[in-house]
Amino acid sequence: MEISPAQVLASLPQPDAAHEKARWCWAERRGAKSPLAAGAGAVMVGTAGEREVQVSATAEVSALPDRARVCVLVGSRKEAAVQAKGSVIRRLDYIVQSVRGHGVQEENITVTKDFRRIENGYQMEAEISVIFSDFAKMEDLCNLLVEKLDSSVIIGSPQYFHTSEAVENIRRQACLRAVANSRRKAFDVCRLLGQSLGRPLIIREEETNETEGVASEQGTPDDARPLTIQQQISNASVTVYSKRCCLAH
């Protein structure tokens, strides 16, 4: 992972009291016209008795979705109400049993039914919404339903997403990595100046951004072409960028 240059502010004890107000600046950003150019990393040596180092660092964590929702629709139109219901119920029972057979828990299965009178008969529709955590099992089930029920069912495209717990975990990882990077940079700066790094005083959040999808995957000229499964999964990925500042002795 590429990390941007550190922004460093440090004050170290001076052995000579006559130089207590001396300052030494070091810029590590390329192209900086002066050590104090905006955005440049800097190390500053201050008055005697003072010894602090302040470093900013970043981290970026990306994760693919951990859940997918698939909706299956079955329907029937018959002159008799019993026939309309029976046709749908038979297929509905088969679909639900197949879903359970693929290891999906009851709390991840939602069934809704709609029965109404239409001109010259009756119509019944049922929708089964299933949430999967195993995408391979989801693909197997969809293929099975297409094979066994053919055009008598409509299977929607998978909708990929993250659970709230997964998003919180991504945020936590980005934060911890940013803090670890800032701590490591502070250690390197102190070692360069012949000093030791003490305990942290302040850890401050400077910036946090969240984005969805993969920036490198842009739409192709043929926008009418449907996305592949892998493209859909990539488009549902979440990336968290975190910048943290660490102030330590």
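Helices (H or I, at least four residues) and strands (E, at least two) are DSSP runs, numbered from the N terminus.

**Figure 1. Overview of the predicted model.** The secondary structure of the protein comprises four helices and nine strands, which follow the pattern β-β-β-α-β-β-α-β-β-α-β-α-β along the sequence. Residues are numbered from 1 along each chain as its sequence is written, and side-chain values use heavy atoms, with hydrogens and water left out. Because this is a predicted model, local features need pLDDT of at least 70 and side-chain atom pairs count only at pLDDT 80 or more, whereas totals for chains, interfaces and linings use all residues. The mean pLDDT (the predictor's confidence in each residue, from 0 to 100) is 81, and 76% of the residues reach 70 or more. Over residues 1–48 pLDDT stays under 50; for this stretch the model has 100 contacts beyond four places in sequence, a contact being heavy atoms within 4.5 Å. Among the contacts in the protein with a separation of 6 or more, 77% join residues 24 or more positions apart. Of the 249 residues, 34% count as buried; buried means under 20% relative accessible area, exposed over 50% and partly exposed in between (1.4 Å probe, protein chains only).

**Figure 2. The stacked pair of Phe115 and Tyr122.** The structure holds two aromatic pairs. Rings of Phe, Tyr and Trp (its six-membered ring) pair if their centres lie within 6.5 Å; planes under 30 degrees apart count as stacked, over 60 as edge-to-face and the rest as tilted. The ring centres of Phe115 and Tyr122 are 5.8 Å apart and the planes meet at 5°, so this pair is stacked. Phe115 is partly exposed, with a relative accessible area of 34%, and Tyr122 is partly exposed at 23%. A charge sits over a ring if NZ of Lys or CZ of Arg is within 6 Å of the ring centre and within 35 degrees of the ring normal. Lys85 lies over the face of Phe115, 4.8 Å from the ring centre, and the charged end of Arg117 sits over the ring of Tyr122, 4.8 Å from its centre.

**Figure 3. The edge-to-face pair of Phe135 and Tyr160.** These two rings lie 5.1 Å apart, centre to centre, with 75° between their planes. The pair links distant parts of the chain: Phe135 belongs to helix 2 (residues 135–149) and Tyr160 to strand 7 (residues 159–161), 25 residues apart. Both Phe135 and Tyr160 are buried.

**Figure 4. The largest nonpolar core.** A nonpolar core is a set of buried Ala, Val, Leu, Ile, Met, Phe, Trp, Tyr and Cys residues joined through side-chain atoms within 4.5 Å. The largest one has 26 residues, of which Val72, Ile95, Val99, Ile128, Phe132, Met138 and Tyr160 touch the most other members. Strand 3 (67–78), helix 1 (81–101), strand 5 (121–132) and helix 2 are the elements that give two or more residues to this core. Helix 2 gives the most, with six residues. Leaving aside neighbours within four places in sequence, Ile128 is in contact with Val70, Cys71, Val72, Leu92, Ile95, Ile109, Thr110 and Val111. A second, separate core of six residues includes Val53, Val55, Ala186 and Ala248.

**Figure 5. Surroundings of Ser237 and Glu212.** Ser237 is found in the loop between helix 4 (229–235) and strand 9 (238–248) and is buried, with a relative accessible area of 5%. The side chain of Ser237 reaches the backbone oxygen of Ser234 at 2.8 Å. Not counting residues up to four places away in sequence, Ser237 touches several residues, including Ala63, His162, Thr211 and Glu212. Glu212 lies in strand 8 (residues 200–212) and is exposed, with a relative accessible area of 67%. Apart from neighbours within four places in sequence, Glu212 is in contact with Asn235, Ser237 and Val238.

**Figure 6. Positive phi at Asn120 and Asp150.** Asn120, a residue other than glycine, has a positive phi near 65°. Asn120 lies in the loop between strand 4 (109–118) and strand 5 and is exposed, with a relative accessible area of 67%. Asp150 is not a glycine either, and its phi is positive at about 55°. Asp150 is found in the loop between helix 2 and strand 6 (153–155) and is exposed, with a relative accessible area of 54%.

Key: Polar contact = N/O pair within 3.5 Å; in protein donor to acceptor, adjacent residues only side chain to side chain.
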